[in-house]
Amino acid sequence: MTIAVARRAEDLHAQYRPGAPRAVVMTLGALHEGHAANIHAARERVGPDGQIVVTVYVNPLQFGAGEDFDRYPRTLDADVQLAGAAGADLVFAPADDVMYPAGRPLIRIAAGPLGERLEGASRPGHFDGMLTVVAKLLHLTRPDYALFGEKDAQQLALIRRMVRDLDFPVEIVPVATVREPDGLALSSRNRYLSPAERTTALALSGALFAARGHRAPAAARAAARGVLDAAAALDPPLALDYLVLLDPADLTEVPDGYRGEAIMAVAARVGTTRLIDNVRLALGGNA
């Protein structure tokens, strides 16, 4: 399916359908079936007469020193094709001078304490840059709905909090993580992995799935840690950044004895590639 591609804000706004419900799916590009799932979910929200905008922008503000900004894949032609095939109506692919006409902005959204933990501790300033571009894209695309994958649990929590705290007139819709048949969570960074590295990377989902069989927090942590410890001895090894069991309400670590829904999240490096994943667990009891 051929769809329109807008490069500037005025071109984007010229494509809008007055009165039609609109959804936005924000991406860094290098689209895959996880993004397609977000587009499919967007269509369910807006219906056949609604409009779906996919943004493709590699945002420099959310990449820190030494991260993969320069090598991050730019595949716009393929992205437009996938977005159209998934049912999107329009791709917004701005250049840096459209998003930041005066250069890097002096005024930015601050993620606050929630953005300083976990991914924020490993990537200082990342979430400030992410929230700043999401805020700009929400203003530019003017959606009724914005869809984000659950794989980036901290990102989703921060966007929801920003929208609530700053009264953005949009509903944030989470979309379940899409996985390869072997369990690996889909990510644009998976293409960096060699075959051997990809085998090691399966330990992330393997650890999370191992935790699913346990209802006590300590047992869930121990089951996941066992898988990750074994992967640290592989060639190439998995280098664990964190394994945490979190309260979904505020992403704080849950204590032993916790009952209710929790998020187990993991981050690790395999070779030069940093990967994240998470699952939701129902905790309570001693098993």
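**Figure 1. Overall view of the predicted chain.** The model is predicted: local features require pLDDT of at least 70, side-chain atom pairs are counted only at pLDDT 80 or more, and totals for chains, interfaces and linings use all residues. Residues are numbered from 1 along each chain as its sequence is written, and side-chain values rest on heavy atoms, with hydrogens and water left out. The chain contains nine helices and nine strands; helices (H or I, at least four residues) and strands (E, at least two) are DSSP runs numbered from the N terminus. Taken along the principal axes, the C-alpha atoms fill a box of roughly 55 × 40 × 40 Å. For 287 residues, a compact globule would have a radius of gyration near 19 Å, and the chain agrees with 19 Å; this radius is taken over C-alpha atoms, and the globule rule is 2.2 Å times the number of residues to the power 0.38. Buried residues account for 53% of the 287 residues, where buried means under 20% relative accessible area, exposed over 50%, and partly exposed in between (1.4 Å probe, protein chains only). Of the contacts between residues at least 6 apart in sequence, 73% join residues at least 24 apart; a contact requires heavy atoms within 4.5 Å.

Figure 2. Gln62 is found in the loop between β3 (51-56) and α3 (76-86). With a relative accessibility of 7%, Gln62 counts as buried. Not counting residues up to four places away in sequence, Gln62 touches Leu28, Glu67, Arg123, His126, Gly129, Met130 and Val133. Its side chain also makes a polar contact of 2.9 Å with the side chain of Asn59; such a contact is a pair of N or O atoms within 3.5 Å, and within protein one must be able to donate a hydrogen and the other to accept it, while residues adjacent in sequence count only if both atoms are side-chain atoms. Although Gly64 and Arg274 are 210 residues apart along the chain, their C-alpha atoms are separated by 13 Å.

Figure 3. An unreviewed UniProt entry places the feature "binding site" at Gln62 and Gln155. These positions are spread over 94 residues of sequence yet cluster in space, the largest C-alpha distance being 11.5 Å. UniProt positions follow the numbering used here, feature names are shortened, and annotations may be inferred rather than shown by experiment. Gln155 is located in helix α7 (residues 153-165) and is buried, with a relative accessible area of 17%. Beyond its neighbours within four places in sequence, Gln155 is in contact with Phe127, Met130 and Phe148. The 13 residues of α7, at 1.5 Å a residue, should span 18 Å, in agreement with the 18 Å between its end C-alpha atoms; the expected span is 1.5 Å times one less than the number of residues. Buried residues of α7 include Leu156, Ile159 and Met162. Their cover includes α5 (119-122), α6 (126-141), β5 (145-149), β6 and β9. Asp167, which follows α7, has a positive phi, near 60°.

Figure 4. UniProt, in an unreviewed entry, lists His35 for "active site". His35 is placed in helix α2 (residues 33-46) and counts as buried at 11% relative accessibility. Residues up to four places away in sequence aside, His35 touches Thr27, Gly29, Ala30 and Ser188. Asn190 lies in the loop between β6 (171-175) and α8. At 14% relative accessibility, Asn190 also counts as buried, and its contacts outside four places in sequence are Leu184, Ala185 and Leu275.

**Figure 5. Helix α9 and its buried side.** The 15 residues of α9 (residues 217-231) should span 21 Å at 1.5 Å a residue, and the end C-alpha atoms are 21 Å apart, which agrees. Pro217, Ala220, Ala224, Leu228 and Ala231 are the buried residues of α9. They cover an arc of only 70° around the axis, which puts them on the same side of α9; the arc is that of the directions from the helix axis to the C-beta atoms. An α-helix has 3.6 residues a turn, so residues three or four places apart point the same way. The buried residues of α9 pack against α8 (195-211), β7 (238-246), β8 (260-270) and β9 (273-283).
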